Structures are given as C-alpha cells and as structure tokens.
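Open your viewer and get ready to click along. We will stop at a few places, one selection at a time.

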Amino acid sequence: MKSFAYYPGCTLKTTGKAFEQSAYAVTGVLGIQMREIERWNCCGTVFSLTTDDTMHHIATVRNMIRVEEMGEREVLTLCSMCYNTLKRANEFIASDPVRLAELNDFMYKEELKYSGKVKVRHLLEILRDDVGWEQIRSKVTKPLSGLRVASYYGCALVRPEGAGVDNLEDPTVMEDLVSSLGAEPVNWPSRLECCGSYQTLANKDLVLERTEHIVSSARESGADLIILSCPLCEFNIGTRQAEVAERSYGFKGLPVLYFTQLMGFAFGLEAKELGIEDEATIKLITEMGAA
Amino acid sequence: MRKPRIGVFVCHCGLNIAGVVDVERLAEESRGIPGVVFSKDYIYMCSEPGQDMVEQTIKEEKLNGIVVANCSPSLHEKTFRNVAKRAGLNPFKVEVANIREQVSWPHENEKEQATRKALTVVRETVRKLTGDLELEPFQIPVTHAALVIGGGVAGIQAALDIADAGHDVYLVERTPTVGGNMLKLSETFPTLDCPQCIMTPKMTEAAQHPHIHIIAYSEVEEVSGYIGNFEVKIRHRSPYIDWSKCNGCADCAEVCPVVMKSEWDHGMDTRRAAYRPFDQAVPNKFTIDKQGEPPCRAACPVHLNAHGYVTATSAKEYGQALSLIRNEARFPFAGVAGRICTHPCQEACARKEVDDKSVAIKHIKRWLADWELREKGEVSMEIEIESPSGQKVAIVGAGPGGLQAAVDLRKNGHEVIIFDAQDKPGGMLRAGIPAFRLDKDVLQKECELVFKLGVEFKSNTTIGKDIFLKKLIDDYDAVYLSVGAYKEGKMGIPGEELDGVSGGVQFLGELNRGKTPKLGKRVAVVGGGNSAMDTARSALRLGSEVTIIYRRTEREMPAISDEIHAAKEEGVKFMLLTNPAKFIGEGGKLKSVEVIHMKLGEPDSSGRRRPIPIEGSEEILEFDNVFLAVGEKPDLSFITEADNIELTPWGTIAVDEETLVTSNPKVFSGGDCVTGPATFIDAAGAGRKAARSINLMLEGLDFTRDRANELSRKSDLVGDKDLAKPTPLLSMPELAIKDRITNFNEVELGYSEKDIVEQASRCIHCGGCSECRLCEAVCEPDAIVHSLADWTEQLEVGAIIVATGYELMPLSQMPEYGGGKFKHVIDAMQFERILCPSGPTAGEVRRPADGKVPKKVAFVHCAGSRDPEHGVAYCSRVCCMYLVKQAMLYKHAVEDGEPYLFYIDIRTNGKRYEEFYARTMEESHATFIRGKVSRLYEHDGKVTVFSEDTLAGQPIQMEADLVVVAPAMIPSKGTAELASKLRLATDEYGWVSEAHPKLRAIETLTGGVFVAGVIQFPKDITDTVCQASGAAGKVLVMFSRETLEREPLIAEVDQDICTGCGICEEVCPYDASVVDPVKKKAKVNEALCEGCGACAAACPSQAVKLRNATRTQLFAMIEEATRDY
C-alpha cells in the first residue's frame, strides 16, 4: 500500500466532489492510499502565480508544511490547476535556499520548518510512473473496448515545460491510460487548447465560444466522450454545454467525465460510487464499453 | 648590457584617456622613472604625425626602447613595432602600457586615482621593457598547395580562385558529387536563375582544371601540422566501383533491383543502390551504396547472402540467385535448407516490422533449387579448387556438418575423405527427417555436389568398428568429428525394455532405409520436439491412430510451430501436461501405459516452467506402440583414453567455443555431438567454422585470433518501412490433408514463378546494396569491384579552407508541426526538389504523398529560427527570400493556386530583394499573414494551420492542401568532429567561429585555416561566393611568399634544466610542446606555439620561459605595482 498525502483543493469539496469520490474509489483498487492533509488551505491558483515572489507563494507552500507534518514526502493532487500552482510555487521556493529561509522565517508560528523536499505529483503521473499501465490493465474487469475517448489536457496539466506532467506539444499520458482501460483513444486537434479558464466569470461568451469549438472538435473526430482532469475545465466545457446548446443551433454535446470516473467504470465499480448520475452517460459507457 | 635609454609616449586618445587621466602630469612624472630619458604626451599618438614624432625621437634621442601609453596592444602594438622598425630600433623593444581599457575607461569617475594608476602601469611596463631582449621574427616555410573541405558553391569558387593563381588545390567532398545544396535548388532568388545551369559550368571547370584535384566521396580523417605545413589524411569511401574505369553509362543502375530513398531528392524520389546522385554529377561516376550486413545475412550461421538471392529472385535472375548460394557461399544445400531449415534469417528479418511477417526466405531458396532441377535436370556447384596442398583431412560423419566442412576444406586444395556408418550420405537429414518433409532425391543430388569436388566418401564404415580414431589421428593432418546425436535417450521408467517401446529416431531411420515397420492401431509418441512430430506424422501415415504425450504445454514445445500445426491438422492427437509413469506389458509385449498428469511450476534450468506431477491423477491408457523422442545423445563409445579427447559432463565432446578444437590439437568437432541435438543449419555453421580453423592450422597460421562472432550474429540495420511493398505473405501451397496422410510425398508443394517473384519483392533492403552482383554482369568496362575497401591518402598542404555548409533542422524536432509524421507537411528543401524542373516531378507541383495538385499552400516562416526556447535564437537569413520565391514559383506552376505566407517579419534586404518581394505580392497575389504558425494538425487529406493575424488581432485557422515549412539552417552533420580535428572553435550552435565578427570573418583563430560559406553563419549565395573568393584571397596572400613570418614571442625550454616530466606537453592547447622520447627533454615547436604561457606557468622546474615575459620580468612588474602598499 503506497500512501501519499492528498491535497484536494477547494473545488473538489464542492462542485467537483465526483472527482474526489471517484479518485478514492480507483486508488483503493490500485492499492494507493490517499491521506487528506489536515488544515489544508486554498492554493490560490492564478492569484498565487501572479508574481514570482515569496509573498504570493506563502499560502500555497504552507500546504507543504502540512504534508511534512503528516510524515509524507509526496503530495498527490487531482485538479490540474491545483497541481500546477502547487508545483510551480513549491519549485520557486524550494529551489532557492534564500527564499526557503525567508518563507520559514515568516512562518515562524509553524512548529515545523519546511525542508523544501516535498514533491508535488499529479495522479496521472503517479499512474504512469509508479503504478504502470500493466498493473492498471490487470485491474480492468470491464474493458471499455468500442468506446472512443477524447482526452482533454487543457493548459495547466502540461504547461509550462518543466511543470507539466508530459510533453507539452504531444502528450500521451491520458491516451496511454485510455488504452490500458481497453478503450480507443481519439486523436483530435483541440486537446491542448484552453477552455477559457477564469474568463468564465468575466467573459462568459468567450468561454461559450471555446466550449462549442472544443466539444465540436471532439465530436467531429469521432469521440463518444471526453475525459479531463480539472473541475474548472469540467465546468466550462462540461456544465456550460447546456448554455451553448441554447444559443447555438445544431450544437450537439458530448458527455464529459473525470479520468478517474472512466477508470472506475473499467474497474467494474458502480456509477454511484463514481459520482455519476446522468443516466445517458451511464448507458453510453455500459453499452458501448461492453462492445 | 647597454644602459637603458627608454622613451615614454603618452597618448591622449582624444578625450578617451585625457578626459580622465592627467596626461601631461603623467608624461612629466614618467620622465623620473629610472631608465627613462625622454617622455612626451600627444593627442593621437597613432596618427601619422604622432608616429612620425615617435620615429624622429627614437633617432634623435638614440632610444633603445619605447613604452607607448595608449589603448589595448591588440589595436596598436603592431603599429608601434613598425614605427620602431622604421627608426632602426628592434621592434620587440616596444611595449604598450594600456591606460585606456585598463585605466581611463573603468575609472571614469576617479580621475586622481586613475592618474596614479596610469603612472604605476607605466612604471611596470618600463621595468618589463628593461628585461626585454632584442628578438627577430622567425620564418617558416609554406607549402603552396591548399585543401578545401566541402564541394559546394563556396568550395568550388575558392578552389577555382586559388587554382587560377597557379597553385594546386585538393577539393574534398563527402558525397559522390560536388555541387552541395545550391545544386538541388529550383531557381535562385532574385534573378530566378537555374542553379544547375550556373553551377555546372563551374563544376566542369573545376573538374578539368589542371590544378584542381577533386576528391569526392571522401572525408578528412586526420589533420596534423601547422600553418604552412599541414599533413592531412583523407579517407576515400569505397564506391565499390573503380572510378578510373567507370564511364557513367548507367547500365548498373538500370539492372539494380534495390530501391532506396534518394538523399539528393530529400526523400521525394527513389534511386537504386547503384546510383549517381544527379545526371550531371561531377565526377560523373556511379556509386554503390552498402549499408552494412543485413540482419538475415548476419543471423545465418553460414552467412548465406539471403538479401542477395532474394533480390536477384525479385529481378527474375534465378541463375544468379542460385549462384550466390552454391558458388559464392559454397553452400550445396539450397534445396535441403529450402525445405527443412529453421530459418534464423527469417526471425531477424526487418520486414516483420512492416506487417509482422518476414520475407519467405526459406521458400525462395527452395524455389531456386527446384527451378534449376526443372530447367536443367541436374544441380550444379562451381567453385575454384586451389592447387593440391599435399595435406589430408579425415571427416567422420556425412551429415550437414561433415559435408559443409568437406567443401570448405576441399576448396583449399586439401585431400578430404568422409567416413559414415550409413549406406548413403546425409546423416540425420537422411535418417531422421521423413520424406514428406525432405525429398530424398533432392538430398542425394545435393550431397553428390560435395563428392563431385573430389571429396572421397567411404560409406558403411563405422568408427570404432571398421576404422579407429587413433589411426585417423595418426594418418591424417587433421580430423573433424561430426558424428551427430541420435542415440535415443531413455526415460528410466519401468517397462522400457518391453517389446513395442522403442526410440522415435530409430523408427524414422528404419523408414528412411526403405523398411515399413508394422505398427499396432494405437501409437503414442512421447516428446515435444521436431523428432517427436516427425515420428508422429510418420506413424500416422502408416495407418495408426497417433497421440503425442508431452509433459508441458504447447507453449514450451521445442518443435517448430509449423510442425506442430501440421501434426494437428493431419489428425495427430495431443495429450499435454501428461507424462508416462510406467509401461505395462503382457508376455514381454507392451499392453498399456500408465500416465500421470502434470501442472507447471517454477522455471527450471532450461528457462521453461518445471512440470510437477499431480498426485492421484494417474490414468491407464491402451497403446500398441510407444515411441520415445525425449532427447537424443551422441554415441561416443568409439573414443578411447589414448585418443586424448575430453568430454563434457553431459556426455558430449568438449571443444573450444571459438575454434572448435578438442583437447587433442589435431582433432576438431562440431554439430550435435558437441551441442546436443540442435538444427541442421547450426551443424553446417559448425562445419564451416571448424574448416576455417583447420585451413588456418594447415597453413601454419594462428587459428585462434579474431574468431568471435563467426556464427549467428546480430545486425542493427532496420531498413526503411516507407518503401515496403504492401504485398502480404503468401502461405506455402500444401497437399490437402486427405492427400497427405496415406503416403510420404512431400507436403509442401512450392510456389509458382509469379508468386515467388512477388514474395521476393517484399524485402525492404535494409542492407542497401544486396551484392546480388547483377550489376557486375552488365558493366562493360568491368569497373565494379564489390570487394573494394576504403583507402586513405596523405596530403601536404599549406592552407585549409573549411566550406562544409549546412543542412535544415529536421521536422522531427518540431512536434508542433507534426514532428515529421504528417504526410502533407514538407520542408523547404523538399519543396525545392518538387519545383525543380530537373527534379522528381519535372517541376510539376504535386503533393508527394498522393500526387494531387495542391490548390492552397501554406508557407511557414521561422520554424526553429528566432526561437531561443525550442530552437535556435538566430535568424537563418535566407528563408524569407526563398519562401517568397517558392510562393512565386508555385503560382507560376499552379495558376489558380493560393499561396499563404505566415511570417513574423519579412527580411528581404539584399540587392533587388525588396523589389522581388513586392513583385510576389503584386503579381503573384501571394497572401502574407503576420503571425507565427503555432500548430499544424493533419486530418482527412488536409492540414489545419493554427496561427494569428496579429495586424488584425484575430486568431486564424486555415485548411491547406500542403504546408511548406522553412526550418532553421543548422551546421552540416559532422561539423563538430571536423572542427575538433582542425582545432577550430565553434559557437554554441556549431557554426565555425571566425577570428573577429567584423574585421576577420574569413579567418579563424587557428593559423592557416579559413572559413567560407554558410558554415561560418547562414548567408545567401551571393555572400557565400564572395566570402569564398575572400578566403581564396587570404590563402593567396599566404602563398605570395616562400616563407611566413611568425612573432618570436613564444615559449622556449632550457634543455639543461628540463627533466622531461611532460607537464608542459599536457597543458599545451596547441600541441606545441613535445617531450623527445629519446632525449627526455621538451622542445617547443616554434610554428605551433601561440605564446599563451600555460607551459611556463605549469613547469615545476622553471625550465620553460616565455620570451620577453619571463618570471623575472613579471616579478619585477609585481614589485613595481605593489611598491606603494
């Protein structure tokens, strides 16, 4: 049983609950223990990354101290945005002894000083490097053959170079995961394009245009559904599909799932366990997947 | 020692020095320095009046040394040395005190300190000067011949210029023709000249020039020496054609069946293995391209040229193909191997990477043997036997091992005799393999080929009974034991002696001798190897019901899968995971067999999972006959103690792996009697290996050297999958099951001629030239020499020009543009070939992947250039112009075509370049979009171009039919290695460094080595040609004198003090200091030494000193400098 400290991030406790739920379910099958950090705080996402200075990164790196308090060396994240923020902020602070000292100084009230040695890992990275596709294949009880899956990386998972989990021009980690589950990965042009991110608050039209573009592109490339790794992307290109359909005649959407939910199906888990409620999606996967 | 009379001259350098340092005060106070008799300041000392003043002063004041306090010595030291010369003063009694770069510039705001520092500097310099000796520059001879490396337009131009001045030039070019990249272009900007038309006259002029020696298809291997005196070793790559005889007729290329990608056309077209890059190539000769030993040939234990005979077959040259097997490779068993060989060649075949199935090499070989028999009614083998050696060799065993050894030994002119216990030759081929797999007539005819060479065959002679090993060892010069392994292994279980239980191999032997043993209805065969399958299938044909009993599963069976499959098809039953426990008889005759079922456990020593009996699973089965085929052993009972032949613990003959010699130095052994049961081709390979040992031994040579890897070995070649023909593997036609099982006729029927030619064409030619030798037959001047090896040549030259040019950054390094995997995305050079009127499409613009005419072409600027993060930071200079040109030419070729150019900036800044760009916009209506292409995506025969129109502020997504990418120019492959051979510096991108980017861009910092063309940095043809003539000019300056003058400020070694420790040799970056191995003293090569001083600093005994910069002088300067502190 390999254990990791687990950093959920804000959204996974609210609108993204299904992501966390399904992640617990599948890591359980794979023998990975996710230990939620106590007293974790929001990573700050884009705010924390606005400027490269210690002040902006404190909130983020504070979580690392929590990880060390738990006696863990590595922290597992699910949300791409949180992963990106934690990884970059941690790298910025930990790579420079002066900054690290500065941060520890400021956090004098903490019992533990941050050693700088915590590693931030995304679950996809752990699946590829620590578990291995063979092991995942062996846990598949319902191979999803016949299901054509479009993997949506978005931005935060693969950019910038050095922080990403895979090659930023041609990543394959999600396609490899899809293959190991027995499904067919689809090659499509918009898999690395931005969903619009936080523009969803101030410039919804932009996001709706992106959603239409991205989802249509997946559909045109023959996908049956889209998988992703970020609750913000899920909100934009998933939940907002309804609004796109209202204003764009002829727009046909696609089911959008977290990659852990797809894994759960392949491992033979129940849709309820994976936080999936939409009947149509469940029907799609069970029927096509069983082909 | 004369009294010093030194003059100090302080320069104002306008305000550069005077604005900070109080120059008048400096001059005044300098007057007080011991040794100084005169001092003056002046506004521009380096000006004519300034120099004149210095000259006059030297004469008038009778100065014997001067210090000029001015700018860096790298600027004007030479100037003032010349002034001294003119004034009659030794030029090396001139020192520069740098009070500008070292004083006034860094200390701009500290005038007082600056002045004091300046004085210190002047004082130090005066001290140094007092220790200077009067030196004379020395002369080194210059060889008046030049080496130009690189035969592109730069190299050709430089060579012509030097040769026209009357000096010899060696022009070395790596590819088979001179011409370089320019020769491949379609039309050159801005004049739209045809480069082939303007270059070929220069190329022929160079070829015909009496002073130019073109050395094509060659590379510089080693360079030693120094300016004026270089020694260069050139390696000529073998074209396998004697160029002194080749007349460029192209007959060889016409018959050559091997198709390869054309480098000249950058993959846009194909060529043959025998080729000429370009019809007007200079030299106009053909070259044969060999890539190395292909995997099939390497894997074969006798190294038959499988690639060769497969290729010849694909060209319908069956006689030649068969000749490669029988005559070239001296392998008689074409028909036998074509039927029963285990084909390691096919396992290694690179065709498997294309469609999972290798080329049907074995079947092709069989077809050739059968063809000969059909056409001529007989089989043939022609090899040249050398004159009698007077030595004789005895071989025991007429199996494949003994027979192959006999051929190789007989070739060397030895007398060879083979003894065999059987009536007819063939060994296990005759006795162990049933006729339905190997026709005995074919076998007999091929064995007879061996005897036709003059090898004697003594049949029905059993060793240990009819003849004795001791006698053979005494009477013959060498003995080869190839007695095989056919003694059936026993299982060691009760009942084995019952009548009805016998060896499978024994049964097969009887059948092959023409007998028909009587079998009961139910027959069992124990074992999982080929012998077991053969036994089972034979018993089946005699009418019995046959069951194979094997203790593991089918996966672990050692038999060839085809055999197992055939046995199943024919109706043999398989009982797996089962083993006999005992044989039960009645009246001495077998009645039934008790078997026990097994399960698989952990792997045993063979690597296969161990069978473990399942308790209580015994079963009694009724069988009339049981044949054991569980592993044969050699019968070595004929070996006595006196023979001195050691055995291994497993009961086989012990031999040295590399030479096959036994513990008796006259006796060699190979095949099954050494390895245990193995394959036919392994035995043949061993026979060949042993024959090699014996041949060497009989010649009195050392047969133990360099013997590794003689049997099956690996090749790294993988071929080019793109050129593979899609033809699938055709299965061998076979007799229908019902027609098989009542007789012993051959099951495999052989292919038709049409099919065999198609099957042979599946080969992807990973070896390049297959050595099928079809070219040899048609070459009238007899120029083809397949055995021609590379050779070297030594040249002596005085100057070297490096003009090795560029290549384009490969698309594989650009994943955002498809990484080279998109079919409709090509690079600019490929598009040049398409546009070129003498190119693969004769100038018609068509997409290379499908031949369609593209109506919308996107041109991508700056792919890799101007990209410090993922590419190179520099701009490649010519791409804007050539893309604009390509757009214009595309429009000329496709009238309704739409070119779109995606650029960052348009850099068209040469003569008439801007006008050319304007024409392309106005006349060709090319659309220019200011936005770098971020990504390409190919689907459904179109390429989506993702970019941005930055002038309109809009993202763009466009569907193009073809995309042409302009990749960054990068140095030609091999530049780094060449630079290190020449001791040339290169920059961080690999471009050769010039001595000074503004003033000395043709020279390098290595004396005598110059640079021309793109290898210094990307530039267009105009600048390249100019730079080439410039380099030639520099060389001619060198050659304008008989000797070169070198500054004498170098290191020298005091031979009395030197202990020969070699530290100076180690630290010298110019290889100038060498310890004489006899005298054990170091000596400095005056021509190579650049006076850096590293040796002087490192020498532990202070034997080395730098002239006019000795320790004494330096310490004196330090003393001056630190006096006030």
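A residue is called buried under 20% relative accessible area, exposed over 50%, and partly exposed in between (1.4 Å probe, protein chains only). This is a predicted model, where local features need pLDDT of at least 70, side-chain atom pairs count only at pLDDT 80 or more, and totals for chains, interfaces and linings use all residues. Residues are numbered from 1 along each chain as its sequence is written, chains are lettered from A and ligands numbered from 1 in the order in which they are written, and side-chain values use heavy atoms, leaving out hydrogens and water.

Start with E554(B), which counts as partly exposed at 33% relative accessibility.

Next, select R330(B) and D408(B). Is D408(B) buried or exposed? D408(B) is buried, at 5% relative accessibility, while R330(B) is partly exposed at 21%. The closest N and O atoms of their salt bridge are 3.1 Å apart.

Finally, show both chains together. The contact (heavy atoms within 4.5 Å) takes eight residues from chain B and nine from chain A. Select H870(B), R935(B) and Y937(B): they supply 59% of the area that chain B buries against chain A (buried area is the accessible area, 1.4 Å probe, that two parts lose on being put together, summed over both). Which residue of chain A does R935(B) meet in a salt bridge? Its partner is E193(A), at 3.1 Å, N to O.

Terms used
Salt bridge = Lys/Arg side-chain N within 4 Å of Asp/Glu carboxyl O.
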